[in-house]
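Colleague: I would like a close look at one part of this model. Please take it residue by residue and give the cut-offs as you go.

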Amino acid sequence: MVFQIKTYNAIAKEGLQKFDGPDYQIDQTEEPDALLIRSQNLHETFIPNSVLAIGRAGAGVNNIPVEECTENGVVVFNTPGANANAVKELVLASLFMAARPILQGAAWTKTLPTNDPAVEKTVEAEKKRFAGTELQDKKLGVIGLGAIGAMVANDAYRLGMDVVGYDPYVSVDTAWTISSRVKRALTLEEVLATCDYLTIHIPLMPQTKHLINSEKLALVKEGTVLLNFARGGLVDNEAVLKSLNAGGLKQYIVDFAAPELLAEEKVLVLPHLGASTEEAEVNCAKMAARTLKYYLETGNIKRSVNFPTVDMKFQAPIRLALIHRNVPSMVGTMTIELANHNINIVDMINRSKGNHAYTLIDIEDTSKEQLEKIVAKLTSVEDIIHVRTIENQAVHF
């Protein structure tokens with residue numbers, strides 16, 4: 001079988017190379033098996049019924065209609081951690097820019113006349129205008145300790161900062177990577193009230209929209225610097241501007257442009273540079289491509305935002321991959337249908353996530369005609385959304 005991949009945006013060639021070979025074609029049809037995207041807004045893009053999966057070369061999936069995809073049996077993948085180092089480095093750079101008026105000083109020197117022999121004296125006389133503070137011994141609050149937040153916390157500690165982190169949902173794997181010197185806060189309010197710098201690293205969801213609002217900003221120390229390299233919607237911009245004008249926040253550094261922020265002197269707006277490094281783009285593209293290949297060729301799911309992780313060794317000749325609603329008796333319905341056709345099950349796994357579930361069933365070899373009958377019968381079941389058959393090609397990853 002030849003899988004068709006349709007790409008949007010400029011996907012790094014190192015990622016596209018994962019599809020080299022006779023089993024894949026890229027951008028050859030309008031009815032692809034999978035989409036590979038970066039920033040394409042799929043809310044405004046037609047998604048063909050042929051699409052089985054969408055790979056997002058990046059962490060956020062706000063540009064993808066995830067709920068609609070789930071209802072249609074389309075698995076959505078992202079690449080968590082692939083751009084973490086790039087974002088971390090920009091956060092650290094922004095901490096330095098907040099502590100020291102580096103950009104302002106550099107901009108001022110550009111205004112000096114090039115033919116002034118006394119320029120050095122002028123600089124020495126005026127440099128006090130650009131005096132700053134040091135990060136050492138200042139307190140940094142990290143809100144969200146995922147891949148990026150954990151890296152920021154660890155490196156900020158190594159810079160000599162006093163670091164406290166807040167994340168009630170931190171995973172065990174991430175917890176192992178965080179330095180024991182990073183203190184744990186039990187509440188968000190504790191972080192807001194005690195830190196000199198605050199940096200946000202959580203996903204944007206309905207329950208986290210405007211997490212930083214007027215109520216929360218009323219708790220911050222006077223002179224606090226807020227950094228947002230996660231998502232613009234996590235912060236209520238109107239509340240931030242009020243806090244800046246009232247002398248609560250000292251500065252807001254954000255990687256997401258909004259009209260109301262652009263002309264504000266105390267706001268530094270960056271043009272969404274967080275993951276804009278060659279290395280991050282390559283890492284994201286490679287991870288997204290590998291994930292799509294793994295799913296298309298084996299049915300196994302890793303790093304999906306809308307379906308559970310399912311990873312079963314493929315040892316049988318044929319695999320059935322079924323996306324269905326998470327309702328009682330579904331597994332029984334599947335196994336009974338196979339039994340009615342005298343098909344022996346070699347292995348199977350079923351996992352659920354919210355209102356939907358995913359089942360893999362490995363079976364012994366059977367005829368094409370009988371397999372088509374089984375698929376047709378299972379597809380007709382009301383709560384089964386999609387059924388796919390996969391032949392074992394003994395592919396190595």
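Is Y24 buried or exposed, and what is its relative accessible area?

Modeller: Y24 is buried, because its relative accessible area is 7%, and buried here means under 20%, with over 50% called exposed and the range in between partly exposed (1.4 Å probe, protein chains only). The model is predicted, so local features need pLDDT of at least 70 and side-chain atom pairs count only at pLDDT 80 or more, while totals for chains, interfaces and linings use all residues. Residues are numbered from 1 along each chain as its sequence is written, and side-chain values use heavy atoms, with hydrogens and water left out.

The ring of Y24 has a partner in F19. Rings of Phe, Tyr and Trp (its six-membered ring) are paired if their centres lie within 6.5 Å; planes under 30 degrees apart are stacked, over 60 edge-to-face, and the rest tilted. By this rule there are five aromatic pairs. F19 and Y24 form one that is tilted, with 5.1 Å between the centres and 50 degrees between the planes. F19 is also buried, because its relative accessibility is 2%. Ring pairs join F3 to F19 and Y24 as a cluster.

Contact means heavy atoms within 4.5 Å; neighbours within four places in sequence aside, T7 touches L16, I26, D27 and L36. Between T7 and Q207, 200 residues apart in sequence, the C-alpha to C-alpha distance is 31 Å.

Elsewhere, two rings have an arginine over the face. For F314 this is R319, at 4.3 Å from the ring centre; for Y295 it is R388, at 4.8 Å. The rule asks for NZ of Lys or CZ of Arg within 6 Å of the ring centre and within 35 degrees of the ring normal.

F130 sits in the loop between α5 (119-126) and β6 (139-143). Leaving out neighbours within four places in sequence, F130 is in contact with P101, Q104, G105 and W108. L103 is 27 residues from F130 along the chain, and their C-alpha atoms are 9.6 Å apart.

F96, in helix α3 (residues 84-99), is partly exposed, because its relative accessibility is 37%.

Notes:
Helices (H or I, at least four residues) and strands (E, at least two) are DSSP runs, numbered from the N terminus.
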